Amino acid sequence: MKKVMVFGVFDGVHEGHRAFLKEAKSQGDYLIAAVAQDHIVEHLKERLPKVNFSQRFEELKKEDSVDEVVVGDSELSAYDVVKKYHPDIIALGYDQSMLKEDLEKNIEKIGYQPEIKIMKAFEGETYHSSILNK
């Protein structure tokens, strides 16, 4: 079984998220979604998510493409969630270039080399949380 992992805030699941999750799922057999904890979001985006963690977690569990929802790391660049679930592929959104760079920089920490794939944008000018949350 080929496991795929995605990372995200998922601050109100929208069609862009659904397209991303569907494309990520198509890369393997089992999709694991790691949801960023509120304090991590606040550190990275300098604001808290509009939707609290437990609501974001539960909303993602209802998505057809997602097989398992897990709590994202409590520390930046730790990648404990990757070590624990050992995905074959890490699927990143078209706008997650900073995460890609950080993953590549810290790959030795993980202990193996998962394949990193970038998913395409789905109407990125329309379906992006930063645009929809304005």
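Two strands count as paired if DSSP finds at least two bridges between them. In this predicted model, β1 (residues 3-8) and β2 (residues 30-35) pair in the parallel sense over 6 bridges. Within that pairing, M5 has I32 of β2 as its bridge partner.

Now step back to the whole sheet. It is open and built from 5 strands, in the order β3-β2-β1-β4-β5, with parallel pairing. β3 (68-71) and β5 (115-118) stand at the edges. Each has a single partner strand, so one side of each is left without a neighbour in the sheet. From one strand to the next, the twist averages 25 degrees. Helix α1 (residues 15-25) packs on this sheet and touches β1, β2 and β4 (89-92). The direction of α1 makes about 155 degrees with that of β1.

Next, the salt bridges. A search of the whole structure finds 9. One of them joins E63 to R18, with the closest N and O atoms 3.1 Å apart. This pair links distant parts of the chain: E63 sits in the loop between α3 and β3, R18 in helix α1, and 45 residues separate them. E63 is buried, because its relative accessibility is 14% and the cut-off for buried is under 20%. R18 is partly exposed, at 31%.

The loop between α3 and β3 also holds S65. S65 is buried too, at 17% relative accessibility. Leaving aside residues up to four places away in sequence, S65 touches L21, K22, K25 and L31.

D80 and K83 both lie in α4, 3 residues apart, about one turn of the helix. Their closest N and O atoms are 3.3 Å apart. D80 is partly exposed at 43%, and K83 is partly exposed at 34%.

E115 and K117 form a further salt bridge, at 3.9 Å from N to O. E115 is partly exposed, with 41% relative accessibility. K117 is partly exposed as well, at 24%. Elsewhere, salt bridges that share partners join E15, R18 and E63 into one network.

Finally, the backbone. Most residues other than glycine have a negative phi. E46 has a positive phi, near 60 degrees. E46 lies in the loop between α2 (38-45) and α3 (53-61). Y79 also has a positive phi, about 60 degrees, although it is not a glycine. Y79 is placed in the loop between β3 and α4 (80-85). Are these two residues buried or exposed? E46 is exposed, at 73% relative accessibility. Y79 is buried, with a relative accessible area of 4%.

Key. Residues are numbered from 1 along each chain as its sequence is written. This is a predicted model: local features need pLDDT of at least 70, side-chain atom pairs count only at pLDDT 80 or more; totals for chains, interfaces and linings use all residues. Side-chain values use heavy atoms; hydrogens and water are left out. Helices (H or I, at least four residues) and strands (E, at least two) are DSSP runs, numbered from the N terminus. Axes are lines fitted to C-alpha atoms, for helices over the stretch in contact, and angles run from 0 to 180 degrees between N-to-C directions. Contact means heavy atoms within 4.5 Å. Buried means under 20% relative accessible area, exposed over 50%, partly exposed in between (1.4 Å probe, protein chains only). A salt bridge is a side-chain nitrogen of Lys or Arg within 4 Å of a carboxyl oxygen of Asp or Glu.
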